Each structure stands twice: as structure tokens, then as C-alpha cells.
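Please keep the sequence and the 3D view at hand while reading.

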Amino acid sequence: MVITDINFNCHQDEFYRRSFRTPENTIALYILKSPAVFRFGEQFTRKFRMSFIIINEKTDYSIYATGEVLIYDRIIIKCDSRSDTVIPYHINTNTLYGLSACIKTDPLLNIILNEYYNLGNHKQELLEHYTSSLFTVLGNEIKTDELSIKPPYYDKLIEIRKNIHSRPGEKWTVDSICSQVNLSRSYFQLLYRQTFGITCINDVIESKIRLACDMLTTSNSTVSAVAAECGYESDVHFMRQFKKMTGCTPSEYRKKHSK
């Protein structure tokens, strides 16, 4: 295996979203130190405050920040086969796993980073050794019950979240969503938060504000038009929520982030 790129403690803003594709015979390891969501086609992962994921070769995916500054480590590895990476076989690719802490991974990543830029004679052997140790540490983090047990109504919750994020302009309400799954409001909200680490209504707001940020930086639409497209009936309500989520007004955000 050969490490082709490595990033340690990368910081992105709270509305960061970017799409990637892993090349053939290449995997990407992310260690997330703040909440994030990965999207594979129409499927979204769960969200953990601390987590890791190994992206398989030839995979199209997107990574989303979730309203907080996104902090992560990333290693891109070119390999001949899965066994070449020494990935423990109980770790599934394209699956986000909770991580208890970075106490064990940070020292290894620091060593790998230093060796990556080292020109010594034994660079490759050392990189393989420490990367193998890193995968072993991550494999030991996975709990048996996390691998086998899904929360109640998991498939329905995934479908709901997919719809929220793919159609942020709709006027979503907790009551209307509850009626789709025939669950009480309180039980639905409890399950949603336990599953995704965020309340349903905050997830709705984040999806709308993310769409608004995209429109403000990629179109000439007025603020009122952006608000309407994002499902807001009141410009004032839209601007209030936008400033709460981003720390600035829509106009200020456009001026700051437009190319």
C-alpha cells in the first residue's frame, strides 16, 4: 500500500459540503473530530460527534458539515487489494462508526504524517507499520452491538432524512413527518435524535440553510427568492434563522463567499 495524501486536523466551516470520487484501487480514511454526515447516492450516514469511515474504491460520495466547524483527519491510500491495507475484516467500508476519542489515533497520525514527509531509507516500511497499527486501533473501537443492532424504525428514519435533505424547499413540520410513520410526536423525536444526533426540526433547518448558502453563492437570486425556494413564507423568519446558523446575514454571507 502507498499513502498518496494525508491531512491532519483539517478545519472547514460549519456549512462545508464537498463531493469526491475515490479512484480505482484507492481508499480514503476519515477520522471525524466533529459531527459530519456522508452521502452515498441517496443514502446518508448517521452522525456522531467522534467517528471514522473508510471509503471504498471507485465510490462517489459527499461530506457535509452539520452546523459546526468540521474537523477531520484524512489519509488517501492506494492499494492492490483490501488485504493490502490491513483493514480488519469486521470494518465495513462506506460505513460511519462511532469513535470514543482520538487519544490513541492522534499519536499514530502524527507519526504517519512525519514519516510521510520523511526521506529516510525505511519510509515505506514504517508507513505500512504505523498505518496497520492505526487500522487495528480503529477496529478495536467498534462495539459488537453497534455492528448488529439498529434502532427501532431505522429504515423509515433513514428514508425520512433522505427526503428532508433531498427536498429542503418543502414546508416540513414534525407533525406532518410523524404522520408518515404513524408514531407519536414525542417518540418520533426521541428516536430521530438518538439515531442521528440531531433533532428533526434542526435537521430541517440545517438542510434549508445549506440550500440557501448554495443559492447565495452560485446564483443572482434575491434574498426573498432564496427564502421562498427554501420553503420560508417570511423573509424575516428566514433571515433570522440564517443569521443564527451562520453568524451573518444572507447579504453578508453572499459578499463573503461569492467568487
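This is a predicted model: local features need pLDDT of at least 70, side-chain atom pairs count only at pLDDT 80 or more; totals for chains, interfaces and linings use all residues.

Strand β2 pairs with strand β7, residues 60-65, in the antiparallel sense, and five bridges hold the pairing. Within this pairing, phenylalanine 20 has tyrosine 61 of β7 as its bridge partner.

## The five-stranded sheet

Another open sheet has five strands, ordered β1-β8-β3-β6-β9, and its pairing is antiparallel. Its edge strands are β1 (2-12) and β9 (97-98); each has a single partner strand, so one side of each is left without a neighbour in the sheet. Strands of a sheet pair through backbone hydrogen bonds, whether parallel or antiparallel.

β1 runs antiparallel to strand β8 (residues 70-78), and eight bridges join the two. In this pair, glutamine 12 stands opposite leucine 70 of β8.

## Helix α4 against α5

Helix α4 (residues 154-166) packs against helix α5 (residues 174-181) at an angle of about 140°, and the axes of the two are 11 Å apart. Because roughly antiparallel requires an angle over 145 degrees, α4 is classed as oblique to α5. The crossing of these two helices is right-handed.

On the α4 side, Lys156, Ile160 and Ile164 make the contact; on the α5 side, Ile177, Gln180 and Val181 do. By class, the residues of this contact of α4 with α5 are four nonpolar, one polar and one charged.

## Helix α4 against α7

Helix α4 also packs with helix α7 (residues 200-218), here at an angle of about 30° and with the axes 8 Å apart. Angles under 35 degrees count as roughly parallel, which means that α4 is roughly parallel to α7.

The α4 residues in this contact are Arg161, Ile164 and His165, and those of α7 are Cys200, Asp203, Val204, Ser207 and Arg210. The residues of the contact of α4 with α7 comprise three nonpolar, two polar and three charged. Ile164 of α4 takes part in the contact with α5 and in the contact with α7.

## The chain as a whole

The protein chain contains 10 helices and nine strands. Its radius of gyration is 20 Å, close to the 18 Å that the globule rule gives for 259 residues, so the chain is as compact as a globular protein of that length. Along the principal axes, the C-alpha atoms of the chain fill a box of roughly 65 × 45 × 30 Å.

Key
Residues are numbered from 1 along each chain as its sequence is written. Side-chain values use heavy atoms; hydrogens and water are left out. Axes are lines fitted to C-alpha atoms, for helices over the stretch in contact, and angles run from 0 to 180 degrees between N-to-C directions. Helices (H or I, at least four residues) and strands (E, at least two) are DSSP runs, numbered from the N terminus. Angles under 35 degrees count as roughly parallel, over 145 as roughly antiparallel, 65 to 115 as roughly perpendicular and the rest as oblique. A crossing is left-handed if the near helix is turned anticlockwise from the far one by less than a right angle, and right-handed if clockwise. Contact means heavy atoms within 4.5 Å. Ala, Val, Leu, Ile, Met, Phe, Trp, Tyr, Cys and Pro count as nonpolar, Asp, Glu, Lys and Arg as charged, and the others, Gly among them, as polar. Two strands pair if DSSP finds at least two bridges between them. The radius of gyration is taken over C-alpha atoms; the globule rule is 2.2 Å times the number of residues to the power 0.38.
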